[in-house]
Amino acid sequence: MGISIDVTTRKKAENEYKEWLHKLEQSQRLESLGLLASSIAHDFNNILQGVIGNISLANELLSENPQAKHLVLRAQDSAEKAAEITTQLLSYSGKNSCEKKMIDLTETVREAYKLVERLSAKKADIRFDVSLRPLPIFADIRKLRQVVLNLITNAIDSFKSKRGLIYIRTYSATREELLDLNLEVINEIRLDNYAIFEIEDNGSGIPANILERIFEPFFSTKVSGKGIGLAACQGIIKLHEGFIGVSSTVGSGTSFTIGLPLQSSAEIASNLNSSTQLSDAKKLKLNSNFLIIEDEEISSNVCTSMLDHLEFKSTLAKDGKTGIQKYLEFKSEITCVILDVSLPEIDGIEVYSMIRKLDGNIPILLTSGYSLGQISLDISADTQTTFLQKPYTMKQLQDSLNTIIKTDGANE
Ligand SMILES: Nc1ncnc2c1ncn2[C@@H]1O[C@H](COP(=O)(O)OP(=O)(O)O)[C@@H](O)[C@H]1O
Ligand SMILES: [Mg+2]
């Protein structure tokens, strides 16, 4: 009798140890995949800067030739798809920068759905069952849109050849109500009130051995799958202090439940579509002189050409030290510094703080193949500095410059 108790206790301890090892391995693997993902994304963004930047320039020059313009637009389309993939990869790392504002969850979901409405309607019936009351959340609308799109796409993929049914729900739920749902993510439900977005399909369902891997980056069961959709979703949700739970039954379907902290004040930004504001290059002073500090030739070439096209003069420095020397030499003539963050030897962050010490007001545009969150630099208090992630188009460069270079009368 005594012996059998001993054996069970030992077995139990062994099992617990094995489970713990498994979890540790899993989390280490995820961590290294995260590092891999973000370094690939960084390198690709630098290359894509050459593609997207040059295409947007060519597009400007081709206004007279509609046929060539059409081809250029197609190339731009493909390049943007590639950029979308790197964005997803960066999202996975979870340290991505965030532009949060107060928005309504339901409105965001509806708006994202509109982008894929035509495609979805061909393959599935969509039923909306959404909250009538606003669900204010403090969130990055573009990232949230990405989550909604990824989940809808996955649901559609799960139907294979038959026509499917997708339920999209939004509602608010208290902690107690959520605990009753028995989601696997119970530990992550820490707040009292959540805004919930739920998407349920009646597709193929996910077998248990696959279910435990679906959030891994690069894990996919699809022939042409990339396996970054759910990894990106998880990164984004983490960034919003939310949770994402999944339940699935093979043969009957899958349901994803996402919770985001529900805000009490309902001051919701109504400008859902105005994330990109039009602005005019002419607002910038002519005869501006830009100092570009950038080691990657592809990026510096594109940047120089873009500034050329906007009829701005520019000077190039290929590393931080030369950058500071040139800054000191031409200080009085420089309107703005365009500074890459990852430079050899003295890195961009150091160059940034040195230039800031020399002049508290000179506009500085920081660029990088990483996102702002990943380079861990807080520029929120510096109104004369902004960040532009590669790859960027000419219009995005223009818009960023407009935000830091004051053009009102006082500065002329
Ligand atoms: N709604 C769903 N129904 C069935 N399987 C799903 C669903 N969502 C995700 N999966 C599984 O999770 C895997 C990973 O998804 P994801 O990260 O979006 O990558 P991808 O869609 O490129 O394969 C998919 O390959 C699929 O096996
Ligand atoms: Mg997917």
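# Reading confidence and helix packing

A: Start with the end of the chain in this predicted model. Over residues 408-412 pLDDT stays under 50. The model has 1 contact beyond four places in sequence for residues 408-412.

Q: What does the chain average in pLDDT, and what share of residues score at least 70?

A: Read pLDDT as the predictor's confidence in each residue, from 0 to 100. The chain averages 85. A score of at least 70 is reached by 90% of the residues. Residues 269-284 are below 50. That stretch still has 20 contacts in the model beyond near neighbours in sequence.

Q: How many helices and strands are there, and what does the C-alpha trace span?

A: The chain has 11 helices and 12 strands. Along the principal axes, the C-alpha trace spans about 90 × 55 × 45 Å.

Q: How many of the residues count as buried?

A: A residue is buried if 20 or more other C-beta atoms lie within 10 Å of its own. Here 34% of the 412 residues qualify. Next, contacts along the sequence. Take those between residues at least 6 apart: 76% of them join residues at least 24 apart.

Q: At what angle do helix 4 and helix 7 pack?

A: Angles run from 0 to 180 degrees between N-to-C directions. Helix 4 (residues 141-157) and helix 7 (residues 229-239) pack at about 145°. Their axes are 9 Å apart. The crossing of helix 4 and helix 7 is left-handed.

Q: Which residues make the contact?

A: Helix 4 gives Lys143, Gln146, Val147, Asn150, Leu151, Thr153 and Asn154. Helix 7 gives Gly229, Leu230, Ala232, Cys233, Ile236 and Ile237. By class, the contact has 7 nonpolar, 5 polar and 1 charged residues.

Note on methods
Residues numbered from 1 in each chain as written. Chains lettered and ligands numbered in written order. Predicted model: local features only at pLDDT ≥ 70, side-chain atom pairs only at ≥ 80, totals over all residues. Helix = DSSP H or I, 4+ residues; strand = E, 2+ residues; numbered from the N terminus. Left-handed = near helix turned anticlockwise from the far one by under 90°. Contact = placed C-beta atoms within 7 Å. Nonpolar A, V, L, I, M, F, W, Y, C, P; charged D, E, K, R; others polar. Buried ≥ 20, exposed ≤ 12 C-beta atoms within 10 Å, placed from the backbone.
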